[in-house]
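Me: I have just opened this one and would like a slow walk through it. Could you take my questions as they come?

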Amino acid sequence: MADCCQNKACDLEKMPKAQSRVLWIVLAINLVMFFVEMTAGIVADSVSLTGDSLDMLGDSLAYASSLYVINMGLRAKARSAMFKSALMLGSAGVVLARAIYRTVYPVTPEVTLMGAIGVLALVANATCLYMLTRHKNDDVNMSSVWLCSRNDIIANVSVIAATILVFFTGTSWPDLIVGLGITVLFASSAVKVARESVASLKSESVTSVRTTRVS
């Protein structure tokens with residue numbers, strides 16, 4: 001029994017190290033892809049590609065926040081998740097504003113560049129999601145970063161679909177519609193992460209009160 005408990009303690013000690021290693025890798029991938037996608041999005045005049053690049057930046061900041069609290073308690077991790085929620089909501093607002101602007105001043109995106117970068121981003125995010133999946137149930141901190149990565153995959157597939165539709169229709173509407181879809185995805189995920197964070201904070205508060213009463 002003692003050996004079992006000792007093994008569990010060792011596993012818990014190893015967990016932050018494993019999480020940290022994964023987070024550093026996905027942080028680097030997302031930072032590189034932010035600059036690549038933002039540049040390509042501006043050159044190609046693509047709302048969806050620009051929106052996806054902002055998601056990459058938001059994820060980079062989210063991963064950095066996760067690394068900061070990785071050895072801290074539940075309250076710090078829940079607050080970090082709230083920070084990620086705010087980032088997703090902010091990204092939604094930026095993409096929505098750009099989509100509205102392009103609705104008023106439409107420009108047909110350059111599909112070759114848009115499609116190539118969309119595929120590259122999909123490969124990068126699929127790699128990140130694969131690495132994060134084994135840690136998604138560790139705690140609210142890792143759960144929130146996994147959700148960010150899952151959203152990236154959905155956004156990437158949508159960008160590729162928009163590229164195909166822009167090519168066949170010759171209009172910017174598919175790009176604008178996907179950009180608005182990414183906005184909705186960001187906003188809904190932000191709400192979900194915020195709710196989980198609040199629930200974790202409440203749970204931690206109840207546990208603290210009970211511990212104080214017992215003491």
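Predicted model: local features only at pLDDT ≥ 70, side-chain atom pairs only at ≥ 80, totals over all residues.

What follows is a conversation about the fold, a loop, a cavity and a helix residue.

Me: How much of the chain is buried?

Reply: Of the 215 residues in the protein chain, 46% count as buried. The chain exposes about 11000 Å², and carbon and sulfur atoms supply 69% of that area.

Me: And what share of the contacts join residues at least 24 apart?

Reply: If you take the contacts in the protein chain between residues at least 6 apart in sequence, 82% of them join residues at least 24 apart.

Me: Changing topic, where is aspartate 45?

Reply: Aspartate 45 is in the loop between α1, which covers 2-44, and α2, which covers 47-68. Its phi is near 55 degrees, a positive value in a residue other than glycine. As a general point, most residues other than glycine have a negative phi.

Me: Why does aspartate 45 count as partly exposed?

Reply: The relative accessibility of aspartate 45 is 23%, so it counts as partly exposed, given that the buried class is kept for values under 20% and the exposed class for values over 50%.

Me: Which residues is it in contact with, leaving aside neighbours within four places in sequence?

Reply: With those neighbours left aside, aspartate 45 is in contact with Arg98, Arg102, Val107, Pro109 and Asp175. For aspartate 175, which is 130 residues apart from aspartate 45 along the chain, the C-alpha atoms of the two are separated by 9.7 Å.

Me: What about serine 46, is that buried or exposed?

Reply: Serine 46 is also placed in the loop between α1 and α2, and it counts as buried because its relative accessibility is 0%. Its side chain reaches the backbone nitrogen of leucine 49 at 3.1 Å. Not counting residues up to four places away in sequence, serine 46 touches Gly41, Arg98, Pro109, Met114 and Asp175.

Me: On to the inside, how many cavities of 30 Å³ or more does the structure hold?

Reply: The structure holds one cavity of 30 Å³ or more, and about 50 Å³ of space lies in the largest cavity.

Me: Which residues line that largest cavity?

Reply: The lining is made up of Asp55, Gly58, Asp59, Ala62, Lys84, Leu87, Met88, Ser91, Cys148 and Phe186. The elements that give two or more residues to this lining are α2 and α3, the latter spanning 74-104. By kind, the lining residues divide into five nonpolar, two polar and three charged.

Me: Last one, where is valine 145, and what is it in contact with?

Reply: Valine 145 has its place in helix α5, residues 140-169, and it is buried because its relative accessible area is 0%. Leaving aside its neighbours within four places in sequence, valine 145 is in contact with Leu23, Ala62, Tyr63, Ser66, Lys84 and Leu132. Valine 145 and lysine 84 are 61 residues apart in sequence, while their C-alpha atoms are 8.2 Å apart in space.

How values were computed. Residues numbered from 1 in each chain as written. Heavy atoms only, no water. Buried < 20%, exposed > 50% of the residue type's maximum accessible area, 1.4 Å probe, protein only. Contact = heavy atoms within 4.5 Å. Areas by Shrake-Rupley, 256 points an atom, 1.4 Å probe, with all protein chains shown as cover. Helix = DSSP H or I, 4+ residues; strand = E, 2+ residues; numbered from the N terminus. 1 Å grid on protein atoms, 1.4 Å probe; cavity = no way out; pocket = protein on both sides within 12 Å on 5 of 7 lines; lining within 4 Å. Points joined across faces, edges and corners; volume = space filled by probe spheres on them. Nonpolar A, V, L, I, M, F, W, Y, C, P; charged D, E, K, R; others polar. Polar contact = N/O pair within 3.5 Å; in protein donor to acceptor, adjacent residues only side chain to side chain.
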